[in-house]
Amino acid sequence: MTNSLISSMTRNAIIAALYVVITILAYPLSYNVIQFRISEILVLLVFFRKDYAWGITLGCALANVMSALGLFDILFGTIATLLACLCVMFCKHLLTACAFPIIFNAFIVGFELWWLLGEPFWVAVGWVALGELVVMVVGYIIFMLLRKRKDFLKTLGAKQNLDFKF
């Protein structure tokens, strides 16, 4: 194995672990109809490095093992996060990147909550979207503040969007 492959695998393992730990530490906020999954901020890392999608997706799948909805949440929640990552990796603006986790989670997880729990569809979509919006706004602010640090992009191992402004 090459050093870059080992480095990528290590970084992704750390990201997956962070996603799981943050989700579980914020357990009451991370699951159910009204959720503020703080770990979803990590999806924005894909804006800087496409390969981080692996760690985030794995972390989401592992975190969803703790969900009361079981296999369905592992499947639907992970698909929502994976699709968000796939779109974020091609964004040129951080603000645009924030929209994808909101949209995919709102509709996919909202559908899941409607289907499994009988929640009114648009209510479930709305609550999930609101929670994800709050998390993405916080994430956006954090990344905009961090960009002022000279070592931020280097620490991330950023390979794209090195001159992002908004």
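Helices are DSSP runs of H or I with at least four residues, strands are runs of E with at least two, and both are numbered from the N terminus. In these terms, F47 sits in the loop between α2 and α3. The structure described here is a predicted model, in which local features need pLDDT of at least 70, side-chain atom pairs count only at pLDDT 80 or more, and totals for chains, interfaces and linings use all residues. Residues are numbered from 1 along each chain as its sequence is written, and side-chain values use heavy atoms, with hydrogens and water left out.

Contact is taken as heavy atoms within 4.5 Å. Leaving out residues up to four places away in sequence, F47 touches V88, C91, K92, H93, L94, A97, Q160, N161 and F164.

A nonpolar core is defined as a set of buried Ala, Val, Leu, Ile, Met, Phe, Trp, Tyr and Cys residues joined through side-chain atoms within 4.5 Å. The largest such core has 38 residues, and those with the most contacts inside it are L45, V46, F47, F48, I56, L94 and F143. Two or more residues come from each of α1 (3-25), α3 (52-63), α4 (71-88), α5 (94-117), α6 (121-146) and α7 (152-156). Of these, α6 gives the most, with seven residues. A second, separate core has eight residues, among them V33, A80, V109 and L113. Back in the largest core, I56 is in contact with I15, Y19, L42, V43, L45, V46, T81 and C85, again leaving aside neighbours within four places in sequence.

C85 leads on to the cysteines. A disulfide is a pair of cysteine sulfur atoms within 2.5 Å, and the structure holds zero of them. For C60, the nearest cysteine sulfur is that of C85, 8.6 Å away.

Patches are made of residues with over 30% relative accessible area and no salt bridge, with like charges joined within 9 Å and nonpolar side chains (Val, Leu, Ile, Met, Phe, Trp, Tyr) within 5 Å. One nonpolar patch is formed by I34, V123, W127, L130, L133, V134, V137, V138, I141, I142 and L145, which together have about 890 Å² of accessible area, as given by the Shrake-Rupley method with a 1.4 Å probe and only the protein chains shown counting as cover for residues. V137, one of its members, is found in α6 and is partly exposed, at 41% relative accessible area.

Charged pairs come next. A salt bridge is a side-chain nitrogen of Lys or Arg within 4 Å of a carboxyl oxygen of Asp or Glu, and the structure holds two. In one, R49 pairs with D51, the closest N and O atoms being 2.8 Å apart. R49 is buried at 6% relative accessibility, and D51 is buried at 18%. Both residues are touched by S8, which lies in α1 and is itself buried, at 15%. In the other bridge, the side chains of D151 and R149 meet at 3.3 Å, N to O; here D151 is partly exposed, at 35%.

N64, in the loop between α3 and α4, is buried at 1% relative accessibility and touches Y31, R37, G70, D73, I74, G77 and T78, not counting residues up to four places away in sequence. Most residues other than glycine have a negative phi. N32, however, has a positive phi near 85° and lies in the loop between α2 (27-30) and α3. N161 also has a positive phi, near 55°; this residue lies in the segment after α7 and is buried, at 11% relative accessible area. N161 is also among the residues that F47 touches.

Note on methods:
Buried means under 20% relative accessible area, exposed over 50%, partly exposed in between (1.4 Å probe, protein chains only).
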